[in-house]
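Trainee: Can you go through this model with me before I set anything up?
Mentor: Fine, here it is.

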Amino acid sequence: MIKEENGLPSQPDGASFRDPCGYIFSFEGVLYRQINKRYKSQYEFLIESGLYDALIKKGYLIPHKEVDITPSDPTIAYKVIQPDPIFFISYPYEWCFSQLKDAALLTLEIQKLALEFGMTLKDSSAYNIQFHHARPILIDTLSFDNYHEGEPWIAYRQFCQHFLAPLALMAYRDVRLNQLLRVYIDGIPLDLASKQLPFRSRLRFPLLLHIHIHAASQKRYASQQVKTSRKMSKNELLGLIDSLESAVKGLKWSPHDTEWAEYYDDHNYSPEGLKHKSQLVSDFLDTVNPVSVWDLGANTGYFSRLSSARGTATISFDVDFGAVEQNYLSCRSQHEETLLPLYLDLTNPSPGIGWRNHERMSLIERGPTDAILALALIHHLAISNNVPLNNVATFLREICSWLVIEFIPKTDSQVQRLLASREDIFSNYTIEHFENDFSRVFKIHRKEKITESERFLYLMEGL
Amino acid sequence: MQTPLAFMLSSLNSTLSAILKSGDAYLDPGSGSFILQLLIASLVGAAFIIKTYWRRINTFFRQRFNKDQNEEEE
């Protein structure tokens with residue numbers, strides 16, 4: 001068994017314990033996938049049938065190479081493969097509407113292609129899809145099984161729970177309902193989705209079938225043993241996939257009247273000020289030359305692009321679904337391969353969820369990142385969310401080595417707006433306290449006043 | 001009076017019962033998804049075949065039309 005330098009055996013990844021066909025493990029900082037002997041024939045068929053090459057050619061599956069290292073558990077191992085690295089693992093509750101929709105459509109495309117080669121997807125978990133080079137991609141190479149005509153699609157229920165139900169709720173009720181995926185790790189229960197969806201959703205035939213009647217059927221047969229020898233022909237299976245595709249394609253959502261949708265027209269910068277701020281951010285990034293950047297409170301990603309355009313892997317986090325949606329659509333249309341827009345409420349970041357709280361990682365576990373951009377953010381944390389400045393500094397230090405942060409004084413109209421509806425109990429919200437509190441955990445390298453504004457931009461390095 | 005949805009659900013129930021014949025293999029108790037999938041597939045399967053053939057016919061005539069048009073232009 002492989003051992004890490006600390007002498008402990010290399011452990012399977014926290015999310016990779018259910019599949020008896022293999023699992024992910026890390027060794028010396030590199031992720032590998034062990035393929036077990038029981039998956040040997042399926043893996044060989046995946047490669048020899050030409051399906052693997054077809055999937056790679058279309059960019060549907062993460063490429064891998066077979067490596068000659070000792071498996072994590074040699075007694076059951078057949079092979080070890082090393083998949084191409086993904087720069088950030090994200091989860092469906094961090095995706096905007098179009099990201100979840102693209103992931104759903106990719107899953108169906110993969111299933112259609114697999115059937116052409118005599119294979120089928122044995123699961124359709126949204127967690128098997130990641131965003132890589134600005135597009136969704138399947139990361140679980142062991143998701144394929146041999147297809148035998150007559151078999152139904154074993155992953156049908158999972159597809160409806162992981163993709164169709166959240167998309168329908170987002171489109172018909174409220175885009176924020178994708179947050180239910182944080183609670184229901186195996187997708188939204190269909191009876192819950194059916195109850196929450198408006199009556200008009202029943203007028204769309206694919207939704208009537210795949211959500212409402214599906215939920216009724218689950219309830220009807222929940223406590224019964226039933227018998228059938230009914231087979232499903234390949235054409236029927238393709239019809240089912242086609243129907244799911246129509247259901248997904250028919251769901252639409254567009255951002256309007258969201259909190260920050262007009263932010264860039266409603267900020268406190270003159271054209272000169274904005275230009276100066278952009279120049280300073282670029283200068284700071286040139287100085288640090290980070291490998292990875294997280295832009296916290298990125299809105300539609302204007303400043304994130306100063307980083308991603310340099311070829312730096314950049315995550316553009318925002319709390320507004322409209323902003324993330326706009327950012328993703330622009331990222332997708334411009335093929336911005338180094339930028340990943342994601343939803344994040346920084347006051348309640350994604351926790352570790354699932355079995356032993358380890359199946360899906362918390363935000364902090366997925367860090368630290370080289371550098372953080374925290375522009376026009378501090379007042380939201382310190383004033384809207386009452387977090388003391390020293391606490392903000394400690395948190396940011398925990399997740400980055402370098403920090404580009406903007407301080408916005410109380411006199412700024414954006415801060416005044418936040419104070420208008422609350423008592424000013426923030427006597428420590430001053431530039432002196434800010435510098436003192438941040439100096440405990442960061443070294444301030446540069447401090448620049450932004451032209452034609454009262455705001456300051458800092459470049460700090462973690463102590 | 002039955003609502004259209006209630007009517008649809010009761011028809012579905014009879015169809016499902018027709019699919020489930022005695023003497024066949026046992027399924028898990030929570031197999032509503034499986035059973036429904038069989039039903040939906042039989043509903044949409046035929047439509048899918050028609051759709052596929054329609055697309056083929058459509059493509060054939062479109063290609064033919066384009067070819068004729070190109071020849072005329074030449």
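Trainee: What are the ground rules for the numbers?
Mentor: This is a predicted model, where local features need pLDDT of at least 70, side-chain atom pairs count only at pLDDT 80 or more, and totals for chains, interfaces and linings use all residues. Residues are numbered from 1 along each chain as its sequence is written, chains are lettered from A and ligands numbered from 1 in the order in which they are written, and side-chain values use heavy atoms, with hydrogens and water left out.

Trainee: Which domains does chain A have?
Mentor: Domain 1 covers 22–83, domain 2 covers 92–249 and domain 3 covers 263–462. The bounds come from an automatic or database domain assignment. Between the C-alpha centres of domain 1 and domain 3 of chain A there are 38 Å.

Trainee: How many residues does the largest nonpolar core have?

Mentor: The count is 126, and the residues with the most contacts inside that core are A:F144, A:W153, A:L396 and A:F438. A second, separate core has 17 residues, including A:L274 and A:F284. A nonpolar core here is a set of buried Ala, Val, Leu, Ile, Met, Phe, Trp, Tyr and Cys residues joined through side-chain atoms within 4.5 Å. Buried means under 20% relative accessible area, exposed over 50%, and partly exposed in between, with a 1.4 Å probe and protein chains only.

Trainee: What is A:L396 in contact with?
Mentor: Leaving aside neighbours within four places in sequence, A:L396 is in contact with A:L296, A:I372, A:L403, A:I405, A:F438 and A:F442. Contact means heavy atoms within 4.5 Å.

Trainee: Where is A:D437?
Mentor: A:D437 is in helix 15 of chain A, residues 431–439. Helices (H or I, at least four residues) and strands (E, at least two) are DSSP runs, numbered from the N terminus. A:D437 is buried yet has no salt bridge, and the nearest side chain of opposite charge, A:R440, is 4.5 Å away. For charge, Lys and Arg count as positive and Asp and Glu as negative, while His and the chain ends are not counted. A salt bridge needs a side-chain nitrogen of Lys or Arg within 4 Å of a carboxyl oxygen of Asp or Glu. Apart from neighbours within four places in sequence, A:D437 is in contact with A:L389, A:N390 and A:A393.

Trainee: Changing topic, how many bridges join strand 1 to strand 2 of chain A?
Mentor: Six, and the two strands run antiparallel. Pairing requires that DSSP finds at least two bridges between two strands. Strand 1 and strand 2 of chain A form a hairpin with two residues between them, and A:E28 in the turn has a positive phi of about 50°. A:F25 has A:Y32 in strand 2 as its bridge partner.

Trainee: And the pairing with strand 4?
Mentor: Strand 2 and strand 4 (residues 77–83) of chain A pair antiparallel over four bridges, with A:R33 partnered by A:I81. Five of the seven residues of strand 2 are buried, so strand 2 is largely enclosed by the rest of the structure.

Trainee: Which residue does A:K277 form a salt bridge with?
Mentor: A:E406, with the closest N and O atoms 2.8 Å apart. A:K277 is in helix 9 and A:E406 in strand 13 of chain A, so that pair ties together parts 129 residues apart in sequence. Both A:K277 and A:E406 are buried. A:E406 also forms a salt bridge with A:R455, at 3.5 Å between the closest N and O atoms.
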